[in-house]
Amino acid sequence: MSYTAEMRESIKKVEATRPRRMEETHRRLTLEEQQDLLRRFHPDYLREGMRELRVGPNAGDRTPNEFADLLEARSRVDPRTFDLSRVDYDTDVLVIGGGGAGASAALLAQEQGVRVLLATKLRFGDANTMMAQGGIQAADRPEDSPAIHYLDVIGGGHFTNIPELVEALVMDAPEVIRWLESLGCMFDKLPDGTMVEAHGGGTSRKRMHSARDYTGAEIMRTLRDEVRSRPDIQVLEFAPAIELVLDDKGQAAGAILMNLETGDRLLVRAKTVVLATGGSGRLHYQGFPTTNHYGATGDGVVIAYRAGARLAFMDTMQYHPTGAAYPEQILGLLVTEKVRGLGAQVVNVDGEQFVYPLETRDVEAAAFIRECKERGKGVITPTGQPGVWLDSPMIEWLKGPGTVEKALPAMVRQFKRFGIDIAKEPMLVYPTLHYQNGGVLLQTDGSTTVPNLFAAGEISGGVHGRNRLMGNSLLEITVFGRRAGRAAALKAKEVKPGRLTLEHVLAWERQLAEAGLNPQIVSPLLLPEYTRHVR
Amino acid sequence: MAIPYYPGCTLSTRGRGYDASGRAVAKALGLELQELQDWNCCGATFPLSMDNLLAMAGPARVLAGARAQGERVATLCAICYNVLKRTNHFLQGDAEKRERINHFIEAQYAGDLRVQHFLEVLRDELGFQALRQRVEEAREATGRSLEGLKVAPYYGCLLLRPQKELQLDDAEDPHILEDLLQALGCQPVDFSHRVECCGSYLLVTSAELAADMSFGVLQSAARSAADLLVTACPLCQYNLDYRQAEMARQHPGFQPLPVLYFTQLMGLALGLDATDWGWELHHVDPRPVLTEHGYGQVFGVRRSEFGGGPQRTPNSEP
Amino acid sequence: MTEELVPVFIMGKRYDVPSSLTIMKAMEYAGYQLVRGVGCRGGFCGACATVYRLQGDDTLYFGLACQTVVQPNMYLTQIPFFPAQRAEYDISTLQPRPERLFSLYPELLRCLGCGTCTKACPQELDVKGYMAAAMRGDIARVADLSFDCIMCGLCAARCPVGEAQYNIAILCRRLYGRYLAPRSQHLEDRLAEIRAGQFNQALEELKSLSLDELKARYKARQIEPE
Ligand SMILES: Cc1cc2nc3c(=O)[nH]c(=O)nc-3n(C[C@H](O)[C@H](O)[C@H](O)COP(=O)(O)OP(=O)(O)OC[C@H]3O[C@@H](n4cnc5c(N)ncnc54)[C@H](O)[C@@H]3O)c2cc1C
Ligand code: FES
């Protein structure tokens, strides 16, 4: 595969400017410049990309078209005929979603001595958590403090975050690292035990903990192994939730699952429910490619909304500035921010810098789009995809030969498969849909506006405000996964369950009709539609 | 002289005292054991059916890897020795099967490696006469010697058999261990079961039969008034040593007998620091009887810590 | 530009697909709605283990469907699931010792060292090498060598003696992370400070600031140099 002749020409320029660039880094933008850049180039600000919701607790709020369609769709379940008297699984805490947040919740719930059922859509661990490469933040060095971490999070979120949630995030962080380690996560350390910590976009201290560039995988597989080690937690794979079930007091009381292989419906009765279904990159807002896993279709937000949960920050998505733009086979896949963290600069077709490499993600992404769309300084691939260069060979110059191989094995492997050696050649990148900043509105204990319904992880909204910093999501899923799991279990011990009902689904149908909507599609989506059927 | 060395798995775990003492002894004698790079398990059993080529892939890979690093390889473990040498023999004798295995392990091994047991190196390259000399020097320097210690040299089966393939010594009437012990200045005792199997291979199929066999070996050594028994095989060592607690329960009057690796005894005779030679892994603690012979300090222990007299209580499980 | 189509055989059935596609995208192009055998689509989750042959070539190849580009006359099938042993344990009461490894996975000692696992690993890990280390009880080395394992299960699927290499590997990594990795004193110190309430006041203050004050603070942050 490797690069085309035209791309090689441009790479020559990148190489030519490299010695000079080793000495100079583009300046950081001022807050005003950042705002201007965002308004003009960030996809969140594109008018045609969003519309106002017409029904539900967030009626009137701007939401991406693709998500709004699903939020305003019909249920996959017919509430008039579904038999709620036949219960297939009875449990105390039902955790929906087998990613990092779900696994953390299941563990902490089990520790309270209740029965736990974890249901997930694909295999346990087929999740965005598995894909995180860069790291997890926690202020645990003497130079750093939870207060400084707080400022970074709030500023990164453009001062829109919910302060109490941020406080919980930063104060629990060191404890979470300790917990993960006690379960067996192998964080990168110096021989004396000092954690190796790096900067991420928007951080003022180095606090990114990593496990080579498999940080999320290391966390996910460790949590998964721990869940499997505990007989009191039952795991159901290939069993996505398609609707929540409430009781006649309006409390969450279970869910209807679908056996993905047989299509059968399964009814789970639970005392409390934790939603941890993750993000929605596979909805491909505005046609953007995504870094997300196959199952990231926003299901949990959809069923929570139908059950009456309030959402927050639905009009903001995170576009990761460095998605692979070439080769086509890995279009949209993440090139970890750690590459820039290690010192690689971003340059245009002429090999010139145009932005500070570690601006917050939204600003960085907007700058890439401007460079390509407005200034015409992008590199165009054979399929017409624009991109800018991420100068990874600089890392070898800065940190010594062999650093790329050692610090970025997953990245090296990814590109080597297509004949590109990133220690010697730069990577072509362009923004890709990465993270759902908003979602189900949370309290600090993971509770939502629906009684007995908890949520944690990427499904939620409020922690990151309008923009999440790298490394705060792996942190969020463990901090709030643990909090939600614990709170859900404690609540489960005192709940007086009522009679199961799907009344809220009937009510939803009425609301749709009142708003004059007659949607033809059903939701949640469950799986993206990529098949091409001939005729 | 550096000798390419294959430790094997057991010597990295339960037999680490064998490994540590062997390396120390070799170094002191100027025969440094240099561990092979990147080795895998030998398989621990030589496949008894000749068409079981897959089971030979592991040892064949070890041989091919060792050949790429030198002309020979030495082992301490009698099992590894048996498996590697026999595999080598097989590969030398059957060019066609050698090719098939080579294809599978993606190597081009020609069968031209020399597999040695460390005992052979001592006998044929250093020579027991030279060893005796070194022991004398150590005795003069330290004032300690093994004189008067009665040692049962136990061969077991894997070190010698099949004789045609291994050719280490006469399988029915060997004397390499006796010669070695003499060079060390102690007194080898003759006992009837020295080339009998200790039964460890039967542990899984018939624990009872295995127990009888080990008991026979120890009884026979005890009748010869041995103070301790030495072996070159980690499996024999473990089996003979570990089972004694049970024997003591079943046979009133049973006298525990420490089971050592020959290298541990060599190290003592050569006056080396023996602190780290896995003594804690022995179930029947050999230190009291050795302390009696004046070797207390080498363990970093004074004699009185063992309560003065010979106290051969089995250690608890490590 | 019309794309070149090449024939591939999915479970024996022929489909003509664009030559630039990965196996996964080719299956979707052919009309499969994937449920099993797909996860991250980025080479991290191990859901898409695939075995294939090329016509006229006697070698069996292994790869991840999401990472491997199709080739003409490729015969392929996915192995989305393979039964493998997993020991029951409680990591908090284990000891990081070889004996524990052997007692939890006694079959470990059956490994022939044949290396079939290494050939099957789509991550190009030295599986045989870490199994050899495991048999030696070298837990730290297993953890290091197996670190990039995505637990796709191809090693176990191919093993002639039925080992579950990847499960042994994760046990070793967890033992290493929990017991053998050097402790982080600065982390312990920070936890003690948090327990002592040392940051409570600073956070209360930050939460009470007006937007403008907060912005000013944010702007005035000292950025730690690279
Ligand atoms: C490529 C990539 C790199 C990243 N790098 C970093 C990083 O370096 N640092 C960082 O902090 N963050 C990073 N992130 C973000 C972070 O990984 C995720 O936001 C976080 O892991 C989400 O965890 P989660 O548990 O909420 O969701 P997930 O891990 O996505 O888990 C959600 C689970 O729910 C399941 N599910 C979905 N729908 C249903 C349903 N209807 N019923 C049942 N189950 C369902 C899914 O299949 C999945 O298993 C990255 C994300 C990606 C995609
Ligand atoms: S789909 Fe996850 S590795 Fe291929």
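Predicted model: local features only at pLDDT ≥ 70, side-chain atom pairs only at ≥ 80, totals over all residues.
Modeller: Residues are numbered from 1 along each chain as its sequence is written, chains are lettered from A and ligands numbered from 1 in the order in which they are written, and side-chain values use heavy atoms, with hydrogens and water left out.

Biologist: What makes A:T129 one of the residues around ligand 1?

Modeller: A residue counts as near if one of its heavy atoms lies within 4 Å of the molecule. A:T129 is among those that come nearest, out of 39 residues around ligand 1.

Biologist: Why is the pair between A:G135 and ligand 1 called a polar contact?

Modeller: The cut-off is a pair of N or O atoms within 3.5 Å. A polar backbone atom of A:G135 is 2.8 Å from a nitrogen atom of ligand 1, so the pair qualifies. A:T120 also passes, with a polar side-chain atom 3.4 Å from a ligand 1 oxygen.

Biologist: How much of ligand 1 does the protein bury?

Modeller: Taken alone, ligand 1 exposes 990 Å², and the protein buries 99% of that; accessible areas come from the Shrake-Rupley method with a 1.4 Å probe.

Biologist: What makes 21 residues of the shell around ligand 1 polar?

Modeller: Ala, Val, Leu, Ile, Met, Phe, Trp, Tyr, Cys and Pro count as nonpolar, Asp, Glu, Lys and Arg as charged, and the others, Gly among them, as polar. Sorted that way, the shell has 13 nonpolar, 21 polar and 5 charged residues.

Methods. Polar contact = N/O pair within 3.5 Å; in protein donor to acceptor, adjacent residues only side chain to side chain.
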